[in-house]
Amino acid sequence: MNDLRLRFCDGSQPDLPLDTGVHALGRTPAGLGPVGIDAPSLLRLSNDRRGVWLTVTEGMRGVHVNGRPVQQVAMLRAGDSIHANGCELLLYAANDDRDRAPAAPVRDPAGNLRLALRGVGGAHHGRSLSLEKPRRVGSAANADLRIDGAGIAPEHALLEASNGQAMLRQAAADVLVNGRPVREALLRSGDQIVFGVQHRFVLEGPPPSVPLPTPRMQAQPDADAPPPPPSRGWMQRVPWLLVTAGLLAAALSALLVFGAR
């Protein structure tokens, strides 16, 4: 996932790219918006190698992430909804490095994926639902994941393990995946999925497998490495000093033995 941005849902400010570093938000004539790093701020967003962190200025109240209050610090993920100072902000991934058009489903009969949806907002907060079989999401009484609310259809979407990964299919309306509206999508562990307004889930499971690098048949010489030492013949490898000492010792022993006679 890359190119994270912050959307001001009231349209008062253009989307804010969250490059690596610290971004301050404070009161502006148009409402909550970006301010200088040294100016008085209400919120700070820090983007580093660990992720995106939200820091609430001391004394600031009424800040919520996905409907849950934040007092000081919260770690964010793409798709999170932030409410502060009467403004709604949405953290989303502007670009994604995967194809959003899934292929025809191929079931995973062995059930090796062990993927699950965990509720992080709404009525299903804390609930976990495995994807060992296709799961229908909607307001119907027989839905595997029953949700309701404005814009939720009886058969709202289908979630299944297919082609070695989880997939969202047959959505009757836009579903937010990491803050982006989609009708069909390939899903990865860690993705945040939102149905309607309040039904928020995170896909949990093993990360995608990374292919091991192909071993090289023959190592390429390093141009900057020193040249290898020249090979020595067997005459150079014989320890002549030790051989000479051995011969002298033998001669002295013979002289002592035979010289005494």
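## Pockets and salt bridges

The second largest pocket is lined by 21 residues, with V194, G196, V197, Q198 and R200 nearest its centre. The model is predicted. This pocket holds about 360 Å³ of space. Its lining comprises seven nonpolar, eleven polar and three charged residues. Strands β10 (81-84), β11 (87-95) and β18 (175-177) each supply at least two lining residues. Both domains take part: domain 1 (4-93) and domain 2 (111-204) each give at least three residues to the lining of the second largest pocket.

The largest pocket has a volume of about 610 Å³. Its lining counts 29 residues, and M75, L76, R77, A78 and D80 lie nearest the centre. Several strands give two or more residues to this lining: β1 (2-8), β5 (43-48), β6 (51-56), β8 (68-69), β9 (73-76) and β12. By residue class, the lining of the largest pocket splits into 13 nonpolar, seven polar and nine charged.

Where does the largest pocket lie relative to domain 1 (4-93) and domain 2 (111-204)? It lies between them, because both domains give residues to its lining.

Now the charged pairs. The structure holds seven salt bridges. Three of the pairs are listed here.

| Salt bridge | N to O distance |
|---|---|
| R5 and D3 | 3.3 Å |
| R118 and E204 | 2.4 Å |
| D144 and R135 | 3.7 Å |

Take R118 and E204, whose side chains meet at 2.4 Å, N to O. R118 sits in strand β12 (residues 116-121) and E204 in strand β22 (residues 199-204), so this pair ties together parts that are 86 residues apart in sequence. Strand β12 also gives two or more residues to the lining of the largest pocket. R118 is partly exposed, at 29% relative accessibility. E204 is partly exposed too, with a relative accessible area of 32%.

The R5 and D3 side chains form a salt bridge at 3.3 Å. R5 has a relative accessible area of 29% and is partly exposed. D3 counts as partly exposed at 28%.

In the pair of D144 and R135, the closest N and O atoms are 3.7 Å apart. Is R135 buried or exposed? R135 is buried, at 9% relative accessibility, because buried means under 20% relative accessible area.

Technical notes:
Residues are numbered from 1 along each chain as its sequence is written. This is a predicted model: local features need pLDDT of at least 70, side-chain atom pairs count only at pLDDT 80 or more; totals for chains, interfaces and linings use all residues. Side-chain values use heavy atoms; hydrogens and water are left out. A salt bridge is a side-chain nitrogen of Lys or Arg within 4 Å of a carboxyl oxygen of Asp or Glu. Buried means under 20% relative accessible area, exposed over 50%, partly exposed in between (1.4 Å probe, protein chains only). Helices (H or I, at least four residues) and strands (E, at least two) are DSSP runs, numbered from the N terminus. On a 1 Å grid over the protein atoms alone, a cavity is a set of points where a 1.4 Å probe fits but cannot get out, and a pocket is an open set with protein on both sides within 12 Å along at least five of seven lines; lining residues have an atom within 4 Å of a point. Grid points are joined across faces, edges and corners, and a volume is the space filled by probe spheres set on the points. Ala, Val, Leu, Ile, Met, Phe, Trp, Tyr, Cys and Pro count as nonpolar, Asp, Glu, Lys and Arg as charged, and the others, Gly among them, as polar. Domain bounds come from an automatic or database domain assignment.
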